[in-house]
Amino acid sequence: MGNDNHRILIAGGGPVGLLCAWLLGRRGLAVRLFDNNSELQADPRAATTHPATLDLLTEDGLDEDMARVGLVAPIFQFWDRPSQQLVAQFDHAILKNDTRHPFVVQCEQFKTAKLLLDRLRAFSNVEVLFDHEVIDVVQDADSVTVHVRGRAGAVAHHSGAYLIGADGGRSTVRRRAGIKFEGFTWPERFIVLTTPYDFQAARGYSYRSYFADPGAWCNCFKVSADGPPGLWRTVYPAEAGRSDEDILSDAGVQARIQSFFPSSTPYEIVHRNLYVTHQRVAETFRKSRVLLAGDAAHVNNPIGGMGLNGGIQDAVNLADKLARIMLDGESERLLDLYDLQRRTVAIEFVQEQSIANKKRLEAADPDVRARNLDELRATAADPQRARQFLLRSSMIASQRRAEGIGLAEG
């Protein structure tokens, strides 16, 4: 379809790719986005949007729309499963001087994607092409070209100035660009069980609650779903060696949720999903004219809700730098800075904290468990320590770290 050195190409039509397209489109840049699905995917994962992320999404009231279609959750809790005791409660209100959004918004990622796609329809300079699969990437000194398989199976070539790979953990862009994806895969899978049972009304749980138990932790959080009364998602580790059929069977599902939340009647389960979880970071987020963002650049376990937030933060950082290069003639070294800032944060904060979150919940040694829970209690009880804890968990600290990184550090 010809060479266009003023166009930016994007692979992946999830929230990260769509956000890149929107931010670039708002600046008047030509954008062509490809997604191999026929429409937006109603992925039930990734709902938590942290204060640091919301602070980046105020253009055109996107943050307000996310709160409108989601749930505002200022408080989260840690519980001890064996004793059923509340260990610690944290209120984001303590961050009122650190953020415009002293709360979390529980907005499922497909809702964020829809809000972005609706906004993109007004831009004649942005094309969103569903049923278009990027299958190869070629670049030279002046441009990058993607080979794209369309609806009818024919392959066409599209060229541009830069390519953003936002095409997920199995990113074709990353693989075809020859970028290694370093890290490991957790031996246990994660299972998500979704129910309309109201854990807040029945048990007093906040919209985000974490349950510590040796080897069998649980995350429990509420989403608005299609509207009131909403749904509750519970996430657990699934035992290695058990078959998918056994884990996902009605008996297996009921046994798991009842073991955490005993009830005299069976739970209504409206959704069940089992998935493999990785902790990986790409060896670079930039290879000449190819840039990676979101899950294509880094993946992590979901405890703490940092994966999609990190991807959105990537998108805002990258779109700003590309616009400055394309429109203001700034140096391409900005893209090296993007790599340095976002990759540093992915390693130092997202990977480190999500792994620590998991270890805190599943600690089996009685002394370690006791120390962990005592530390949480003491932290929540001390306003200064609670603020520092929340600055990290809300990703404000990592955003400040990224903003403070200059090319000299590289």
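Predicted model: local features only at pLDDT ≥ 70, side-chain atom pairs only at ≥ 80, totals over all residues.
View 1. Helices (H or I, at least four residues) and strands (E, at least two) are DSSP runs, numbered from the N terminus. Pro15 counts as buried because its relative accessibility is 8%; buried means under 20% relative accessible area, exposed over 50%, and partly exposed in between (1.4 Å probe, protein chains only). Pro15 and Lys111 are 96 residues apart in sequence, yet 8.9 Å apart in space, C-alpha to C-alpha.

**View 2. Strand E14 between its two partners, E17 and E18.** Here 7 of the 7 residues of E14 (residues 189-195) are buried, so this strand is largely enclosed by the rest of the structure. In a regular strand the side chains alternate between the two faces of the sheet. On one side of E14 are Arg189, Ile191, Leu193 and Thr195, on the other Phe190, Val192 and Thr194, and all are buried. Two strands pair if DSSP finds at least two bridges between them. E14 runs antiparallel to E17 (residues 231-238), joined by 7 bridges, and also pairs in the antiparallel sense with E18 (residues 271-275) over 5 bridges. Look for Phe190: Pro237 stands opposite in E17, and Tyr275 is the bridge partner in E18.

**View 3. Phe78 and Phe90, an aromatic pair.** Rings of Phe, Tyr and Trp (its six-membered ring) pair if their centres lie within 6.5 Å; planes under 30 degrees apart count as stacked, over 60 as edge-to-face and the rest as tilted. By this rule the count comes to 25 aromatic pairs. Phe78 and Phe90 are edge-to-face, 6.2 Å centre to centre with 85 degrees between the planes. Phe78 belongs to strand E5 and Phe90 to strand E6 (residues 85-91), so the pair ties together parts 12 residues apart in sequence. Both of these residues are buried. Elsewhere, ring pairs link a cluster that includes Trp79, Tyr197, Phe211 and Trp232.

**View 4. The largest cavity and its lining.** On a 1 Å grid over the protein atoms alone, a cavity is a set of points where a 1.4 Å probe fits but cannot get out; lining residues have an atom within 4 Å of a point. A search of the whole structure finds 1 cavity of 30 Å³ or more. The largest cavity holds about 110 Å³ of space, a volume being the space filled by probe spheres set on the grid points, which are joined across faces, edges and corners. Of its 14 lining residues, Phe76, Phe78, Gly304, Asn357 and Ser393 are the closest to the centre. Helix H10 gives the most to the lining, with 4 residues.

**View 5. Ser394 in the loop between H12 and H13.** Ser394 counts as buried because its relative accessibility is 0%. Leaving aside neighbours within four places in sequence, Ser394 is in contact with His50, Pro51, Ala52, His92 and Leu95.

Key: Residues numbered from 1 in each chain as written. Heavy atoms only, no water. 1 Å grid on protein atoms, 1.4 Å probe; cavity = no way out; pocket = protein on both sides within 12 Å on 5 of 7 lines; lining within 4 Å. Contact = heavy atoms within 4.5 Å.
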